[in-house]
Amino acid sequence: MTILRRSIAAMLLATAASPAFAEDITINYITFSAAPNYIEELEATIAAFEAEHPGVDVKYETAGWDAYFTKLQTMVAANKAPDTFELNYENFVTYAQKGALLDLGPLMTADPGFDAGVYNPTALAAFAQDGKQYGLVESFSNVVLFYNKDLFDAAGVAYPTADWTWKEELEAAQKLTDASKGVWGDFAPIQFWEFYKTIAQNGGSILSPDKQTVTIDSAQNVETLTWMIDKVNTYKVTPSDVDMAGQASEDLFKAGKIAMLRTGIWLLGDFAQNAKFNWDIALEPGNTQKAHHFFSNGVAVSANSAHPQEAYEWVKFLTSSKAAVDIRVAAGWELPAVSDTAAVQGYLDQAVPESREVVFQALDTAVVPPVVGNWNQLTDAVGKELDAAKLGQKTPEQALADAKVAIEALL
Amino acid sequence: MDAVTDRSKYLALAVLLLPSLIGMFTFLMLPVISSFVLSFTEWDMIGEIGWVGFDNYLAALADPAVQAALRNTLVYIVGYLPAVVAIALGLALLLNRRIKGRVVFRAIYFVPVVTSWVAVSLIWKWQLNPQYGLINFALSLIGIKGPGWLFDPSWAMAGVILTSIWKDIGFVTVIYLAGLQEIPEPLYEAAALDGATPWQRFWSITWPMLAPTTFFVTTISLISSFQVFDQVWVMTQGGPAGATSVMVELIYKNAFSYFRMGYASAISWILFALIFAVTIAQNLLQKRLDRSDG
Amino acid sequence: MADAATLVDNPVSVIARQPRPGLRLSDLATYALLATGSVVMLLPFAWTVSTSLKTAGATFVTPPELLPAPATLDNYVKVFDSAPVGQFLFNSILVSVTSTALMVLFCAMSGYAFARIQFKGRELLFYAYLATLMIPQQVTLTPLFIIMNFLGWTNTYQALILPSSFGAFGTFLLRQFFLRLPREIEEAAFMDGAGYVRIFFTIAIHLARPALATLAVFAFMASWNSFLWPLIITSDQSMMTLPLGLSFLQGRWSTDWNVLMAGTVIGTLPIIALYVFAQKYIIQSLSHTGLK
């Protein structure tokens with residue numbers, strides 16, 4: 001009797017654990033990073049996943065970045081959210097706080113094959129909220145200093161090193177700026193995201209570490225904002241919006257009109273192909289300390305998904321399986337946030353630019369956006385004050401004081 | 001129509017009006033009614049819908065962002081509407097003349113209407129550039145130093161208005177052309193025989209006969225310019241420093257960026273109330289003008 | 001001044017205006033004005049076409065160059081390579097043509113009904129129609145999506161077509177037109193015993209051709225350029241319409257302007273073609289309008 005019961009129990013357990021079901025399960029996935037350039041890579045990743053998980057099909061949708069959240073939110077509102085979806089870090093926090101995402105913790109613990117160590121720990125922690133793992137990190141990117149070596153050579157200026165501070169940057173920029181040729185020494189935009197990183201380079205922040213107090217109006221921040229604006233108005237090493245004539249900074253860099261540019265590593269491929277001069281990257285100079293952006297995309301499972309187990313398998317595969325990581329690195333489709341440096345060796349081995357390791361060095365001094373609820377309202381409000389300061393409508397002090405009031409109203 | 005019985009009238013309505021009514025109700029009126037209901041709620045699109053009564057409306061009316069957006073929207077309307085109607089009418093009169101090649105001209109003036117806003121905003125941002133753009137260059141030829149346009153909070157809206165007028169002229173002209181076509185030629189011939197000057201012909205024949213068209217054009221343009229959005233979104237994103245923030249831009253941000261669908265709906269309905277009031281006022285004004293004409 | 005009513009024996013007897021021989025001063029002035037205006041009107045589109053034919057480096061030079069040198073069709077090839085543009089075009093054409101045809105029919109019928117048939121609550125209902133024009137799309141999108149989801153119509157052609165097939169603008173336009181129409185012909189037909197429906201389909205709709213052609217152009221344009229709704233309602237790339245498909249040419253971080261402009265040109269040409277066709281149709285139809 002006992003033997004029979006035990007074997008029946010074993011049989012039941014076996015069928016329960018097997019991933020193959022009578023009919024195919026379809027998992028929906030929506031993404032913004034795949035279109036337009038990486039559709040093939042996404043499809044290859046899906047094919048590899050489906051090969052490993054017979055009985056599960058992944059159906060993907062794409063939307064351009066600008067309209068992505070309009071679409072996603074409408075679907076969520078209509079209770080028709082896809083099983084899995086991509087989220088950038090900033091929106092992830094809001095979705096997690098509002099309960100739209102599934103806590104992956106139980107699934108991770110119950111999964112014998114899962115090893116959290118496969119992920120870069122900082123990156124993985126970014127997608128946890130209140131101690132629960134609501135998403136898996138898919139990729140990361142950051143911002144570094146790009147510089148035009150030819151322009152440096154022509155002006156007789158030494159290349160940026162890791163020891164540079166704002167002082168050296170300004171001195172170099174002044175030597176590199178040549179108004180007669182329309183060449184500008186330096187560029188960093190005066191907008192919210194650049195701002196919260198730049199103030200970190202001077203020891204400042206938008207919010208206190210516990211996010212309870214607003215610290216945006218500190219003296220160091222005023223100093224930082226003044227420096228950012230002075231580069232345009234006083235030292236004239238950075239073009240103003242009017243000077244840019246509607247062109248993007250990367251276009252000007254490619255045209256050889258900007259000597260030093262703080263911009264994202266997502267442009268490495270573009271510059272490698274289209275910049276017809278010698279260039280390289282370096283760590284961003286800080287003032288009292290170094291700080292670099294940390295942007296990250298993750299994938300989450302909808303709290304209402306009908307197939308949480310399969311959805312989890314898919315997001316796990318997409319973010320950390322060897323197949324997915326290899327496809328990503330080979331295509332330059334953002335950087336997977338895995339801890340295995342050998343996996344990203346392919347990325348490091350590419351010839352241009354020489355100092356590719358800077359990308360990983362910058363992770364040591366990463367500044368994560370201080371996301372709180374009402375994040376988008378916060379970025380808009382602060383952005384408006386930065387605009388006013390940029391235009392000279394308000395002094396940096398006044399602008400940041402007003403920004404503090406606006407943020408406090410939102411917290 | 002005494003000859004028409006009630007039954008045949010309602011049968012006619014069933015055939016002629018019902019299809020439109022069913023479609024309008026399902027795809028347009030129902031969503032509108034839903035948005036009205038939503039305006040009394042707080043909903044972040046993800047969680048539950050919570051009833052808040054009139055809170056959204058009270059908050060919106062006191063919200064400086066809403067007030068600023070409303071101000072900017074009114075500035076837009078005042079700058080855009082009279083100009084578009086007047087220029088389009090003039091253009092329609094020109095294009096209605098018996099000149100060769102007017103089909104080609106009509107097509108040319110319609111091209112901006114069909115050109116996408118992405119392309120239009122790119123070009124116009126360039127042309128409005130204070131240093132390199134054609135507009136300030138042309139102004140400098142007559143000795144005026146052009147303003148900062150889209151980079152200057154005091155002039156950004158003017159830049160948006162200019163671009164909008166340029167883009168929409170063709171649209172209004174087409175409607176005016178259709179109206180002009182309906183004015184019977186014999187009227188003009190009789191007037192010419194009577195010795196009327198072109199100016200007199202315009203005021204006694206053209207302008208009154210165009211009244212229904214003008215009413216239509218003004219109403220539609222009012223309704224749409226209260227809801228101006230696309231051009232602001234692509235040209236200035238509401239900047240610089242909020243100088244071109246308009247009502248629908250605020251609604252869009254609240255609905256899809258700030259997770260405040262209820263609040264966005266309330267703002268929409270405040271906007272609706274304004275548009276409706278202005279439309280009715282314009283309707284009454286038109287009726288009074290018509291009556292005084294006799 | 002002569003009385004309009006006595007002069008007009010046929011309500012819509014607009015004789016086709018043929019160009020008069022000879023060139024008068026006023027005609028010259030007209031040409032001059034129109035030609036200057038034309039340059040202003042066409043410049044941006046000319047730039048669009050020009051950019052679509054340029055290579056990447058040549059786009060953002062100052063001073064801006066209008067003529068592409070060298071000119072290349074690569075960007076157009078790239079557009080077709082980067083996305084199933086043929087499928088997008090097919091979807092756009094199917095959706096726009098169908099919704100335009102439906103819109104013209106439904107608006108003509110309802111416009112006539114509002115103009116000619118007296119019924120209780122007519123004014124109120126018409127204002128209800130107008131009211132739908134006064135609420136921005138941004139807040140009606142989500143409820144509409146929920147309705148479509150409820151009907152099980154997400155990612156279907158009918159969901160793309162039907163919301164564009166109804167609109168107060170068209171009803172308003174046609175109502176105004178029918179209001180202006182002198183009633184003599186209809187009254188004669190009523191005497192003969194015809195009902196509203198027969199009069200509409202045999203008489204009114206033919207008289208309304210200029211207005212119908214005008215509406216067709218606007219309806220087609222609105223449907224063709226529609227972006228936000230197709231974005232939300234489609235989930236397969238095979239269902240996407242052209243503006244939606246082309247939006248992917250604008251990357252998150254950077255945009256290939258030349259390819260984007262090529263896509264824009266592809267998206268714009270059908271409407272211009274339709275407009276030119278409709279213009280000729282309007283003028284033609286007027287010259288054929290006469291007494292019965």
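Among contacts in chain B between residues at least 6 apart in sequence, 69% link residues at least 24 apart; two residues are in contact if their C-beta atoms, placed from the backbone, lie within 7 Å. Keep in mind that this is a predicted model, where local features need pLDDT of at least 70 and side-chain atom pairs count only at pLDDT 80 or more, while totals for chains, interfaces and linings use all residues. Residues are numbered from 1 along each chain as its sequence is written, and chains are lettered from A and ligands numbered from 1 in the order in which they are written.

**Chain B overall**

- Chain B holds 14 helices and two strands; helices (H or I, at least four residues) and strands (E, at least two) are DSSP runs, numbered from the N terminus.
- The C-alpha trace of chain B spans about 70 × 70 × 35 Å along its principal axes.
- Of the 294 residues in chain B, 48% are buried. A residue is buried if 20 or more other C-beta atoms lie within 10 Å of its own, exposed if 12 or fewer, and partly exposed in between, with C-beta atoms placed from the backbone.

**Where chain C meets chain B**

- Here 81 residues of chain C are in contact with 73 residues of chain B.
- On the chain C side, helix H2 (residues 25-52) of chain C gives the largest share, 12 residues.
- That side of chain C has 56 nonpolar, 20 polar and five charged residues. Ala, Val, Leu, Ile, Met, Phe, Trp, Tyr, Cys and Pro count as nonpolar, Asp, Glu, Lys and Arg as charged, and the others, Gly among them, as polar.
- Zooming in on two helices, the axes of H8 (residues 156-181) of chain B and H11 (residues 209-225) of chain C come within 10 Å and cross at roughly 175°. Axes are lines fitted to C-alpha atoms, for helices over the stretch in contact, and angles run from 0 to 180 degrees between N-to-C directions.
- H8(B) and H11(C) are therefore roughly antiparallel to each other (angles under 35 degrees count as roughly parallel, over 145 as roughly antiparallel, 65 to 115 as roughly perpendicular and the rest as oblique).
- H8(B) brings Val174(B), Ile175(B), Ala178(B) and Gln181(B) to this contact, and H11(C) brings Pro210(C), Ala211(C) and Thr214(C).
- Sorted by class, the contact of H8(B) with H11(C) has five nonpolar, two polar and no charged residues.

**Where chain A meets chain C**

- This contact takes 22 residues from chain A and 20 residues from chain C.
- H3(A) supplies five residues, the largest share of the chain A side.
- The chain A side splits into 12 nonpolar, four polar and six charged residues.

**A strand in chain A**

- Strand S9 (residues 258-264) of chain A is mostly covered, with six of its seven residues buried.
- S9(A) pairs with strand S7 (residues 143-148) of chain A in the antiparallel sense over five bridges; two strands pair if DSSP finds at least two bridges between them.
- Val144(A) has Thr263(A) in S9(A) as its bridge partner.
- S9(A) also pairs with strand S8 (residues 184-187) of chain A, in the parallel sense over three bridges, and Asp186(A) stands opposite Met260(A).

- Most residues other than glycine have a negative phi, and most peptide bonds are trans.
- Gly239(B) and Pro240(B) are joined by a cis peptide bond, with omega about -10°.
- Ala241(B), in the loop between H12 and H13 of chain B, has a positive phi near 55°.
- Ala241(B) counts as buried because it has 21 C-beta neighbours inside 10 Å.
- Asn155(C) has a positive phi of about 60°, and with 14 C-beta neighbours inside 10 Å it counts as partly exposed.
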